[in-house]
Amino acid sequence: MVLIDQTKKEKELSTLPNIEESSRIIKSEIGEWTSIGPNNRIVESSFGDYTYTMEDVTVNYTEIGKFSSIASHVCINPVQHPMDRVTQHHLTYRKAAYRFAENDDEALFDWRRSHRVKIGHDVWVGHGAIIMKGVEIGTGAVVGSGAIVTKNVEPYTIVVGSPARPIKRRFSEEVANKLLEIAWWDWSREKLEEHFEELNDVDAFLKRHG
């Protein structure tokens, strides 16, 4: 038996986004210290500083805050087909590709754009989760693996299941409110470096900054 180890050394990040070549980014804004994994498709969305994605992630018409973690095979804001038409097939709105008209049905695309998803700071979205159109997920929340999120999620709340439902809070309401007030995600790089070790100890962090 032969031991095989294809572990790759992680790329050192910088203020320039690190985007895998196999990913496609369309009309989107990507912040500093970010990392976009392989085989991502990101459409008309924004990523705050330090947010990252793993492989095979789809993000449409979404605003994601800073320091958020998006696991593999997540789909955020899946596009919807027009169920009220005779056919749901996209030939009725991607008309040009099928040579039914010179222009596409821009009204439908505008409707999709108007129902954006908003994800706060320091949010963890687990493997294979789906976040549906128009949902807002509060800062510090956790979306469990495989969850289908159809309703808004409060800050620092953990949701699981299909449809997703709250099962517990990460912290007490008092602690969560203090963290929201401190808003450490808006600190400068210099301040983060100065207080970096404190990020591992909630009590010590709040004692100093709360």
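Visitor: Which residue of β9 stands opposite Phe47?
Guide: This is a predicted model, in which local features need pLDDT of at least 70, side-chain atom pairs count only at pLDDT 80 or more, and totals for chains, interfaces and linings use all residues. Residues are numbered from 1 along each chain as its sequence is written, and side-chain values use heavy atoms, with hydrogens and water left out. Strands β6 (residues 46-47) and β9 (residues 62-64) run parallel and are joined by two bridges. In β9, the residue standing opposite Phe47 is Ile64.

Visitor: In what order do the five strands of the open sheet lie?
Guide: A strand here is a DSSP run of E with at least two residues, numbered from the N terminus, and two strands pair if DSSP finds at least two bridges between them. The pairing in this open sheet is parallel, and its five strands follow the order β3-β6-β9-β12-β15.

Visitor: Which are the edge strands of that sheet?
Guide: An edge strand of this sheet pairs on one side only. That description applies to the strand of residues 29-30 and to the strand of residues 136-137, namely β3 and β15.

Visitor: Which residue of β19 is the bridge partner of Thr157?
Guide: Strand β18 covers residues 157-160 and strand β19 covers residues 165-169, and the two run antiparallel, joined by four bridges. Within this pairing, the partner of Thr157 in β19 is Arg169.

Visitor: What is the phi of Gly161, in the turn of the hairpin?
Guide: The hairpin is formed by β18 and β19, with four residues between them. Gly161 is placed in the turn, where its phi is positive, at about 95 degrees.

Visitor: Which residues are in contact with His121, leaving aside neighbours within four places in sequence?
Guide: Contact means heavy atoms within 4.5 Å. With those sequence neighbours left aside, the residues in contact with His121 are Gly65, Lys66, Ser68, Thr139, Gly140 and Trp185.

Visitor: At what distance does the side chain of His121 reach the backbone nitrogen of Lys66?
Guide: Lys66 is one of the residues in contact with His121. The side chain of His121 reaches the backbone nitrogen of Lys66 at 2.8 Å.

Notes
A polar contact is a pair of N or O atoms within 3.5 Å; within protein, one must be able to donate a hydrogen and the other to accept it, and residues adjacent in sequence count only if both atoms are side-chain atoms.
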